[in-house]
Amino acid sequence: MSVFDEMLSRYEIKTNDDLVNARHEVMQQIVLTGLYRGGFFNKAAFYGGSCLRIFYGVPRFSEDMDFSLLEPNKSFRLENYFESIVREFNALGKEVEIQKKEKKISTNIESAFLKDNTAIYNVRFRTEKQIKIKIEVDINPPSEFTTEYKLLLLPFSFMCRCYSLPDLYAGKMHALLFRSWRNRVKGRDWYDFEWFVRNNTALNFEHFRQRAAQLNNLNPDISPENFLIRLKEKIGQTKINLVKDDVRPFVRNSNELEIWSTDYFLKLTELIRFS
């Protein structure tokens, strides 16, 4: 059995969604390995839903990989790490291609949320092009975050630099409030919100402030009280059935979504802890 197949065998696969999710996650782990070998984590950290899934045990799958430089650097190029990533896949008997995605100014989904200087890349198998992951690197990150090293065991053991949980929470709540998907919602943001509350994680509100000020021109002096007012308005305006529909393919047990309602999420806001 190849190392890739061994990694895949660790997942319980019963449906096509299970298979797609598992293959995505194995690919993500191999990308992390290639980045580590290239020295990427000396200057950058992993964050977002995939980081929560792989290193903090959030029980839902994720598609994309989000990274942030530790310090602003507009000359940074992820292309410098392509060779390390490709070499790691090759060592496991897989051929991949990496392409830089040129952002459209006003029509692509991310344009209302991502910064103009966020570089976007796609990694896919050459022979199975439907399996694709998107990599985003923030080269001008907002401040007031901390990082920690987390252990990944396969395809070999190494330490990956990640955002700490309070900062991941801040980023997730920023995404939930400001992500604009027109007629769609990203239910995975809502799933993670519930997970943070359930695990009594404290939200680093200063990092949220920095994100909102830099990305959305929000007053950097916004108070927790005003944040909660905005969050409750967002919950009241959102169709929770659409939230459920989006996240369902990424969770093993959809029964856990049955309690989800506008009322339920409003109650969760009362349990948010700030740091």
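Biologist: To start, does Lys-14 count as buried or exposed, and at what relative accessibility?

Modeller: Lys-14 counts as exposed, at 63% relative accessibility (buried is under 20% relative accessible area, exposed over 50%, partly exposed in between; 1.4 Å probe, protein chains only). The model is predicted, with local features needing pLDDT of at least 70 and side-chain atom pairs pLDDT 80 or more, whereas totals for chains, interfaces and linings use all residues. Residues are numbered from 1 along each chain as its sequence is written, and side-chain values use heavy atoms, without hydrogens and water.

Lys-14 meets Glu-12 in a salt bridge, 3.0 Å from N to O (a side-chain nitrogen of Lys or Arg within 4 Å of a carboxyl oxygen of Asp or Glu). Glu-12 is partly exposed at 47% relative accessibility. The whole structure holds 17 salt bridges.

Arg-188 takes part in two of the pairs described here. With Glu-63, its closest N and O atoms are 2.9 Å apart. Glu-63 is partly exposed, at 32% relative accessible area, whereas Arg-188 is buried, at 4%.

With Asp-246, the closest N and O atoms of Arg-188 are 3.2 Å apart. Asp-246 belongs to helix α9 (residues 240–247), so this pair ties together parts 58 residues apart in sequence. Asp-246 is buried, at 12% relative accessibility. Elsewhere, shared partners join Arg-60, Lys-172, Arg-179, Asp-189 and Asp-192 into one salt-bridge network.

Note on methods
Helices (H or I, at least four residues) and strands (E, at least two) are DSSP runs, numbered from the N terminus.
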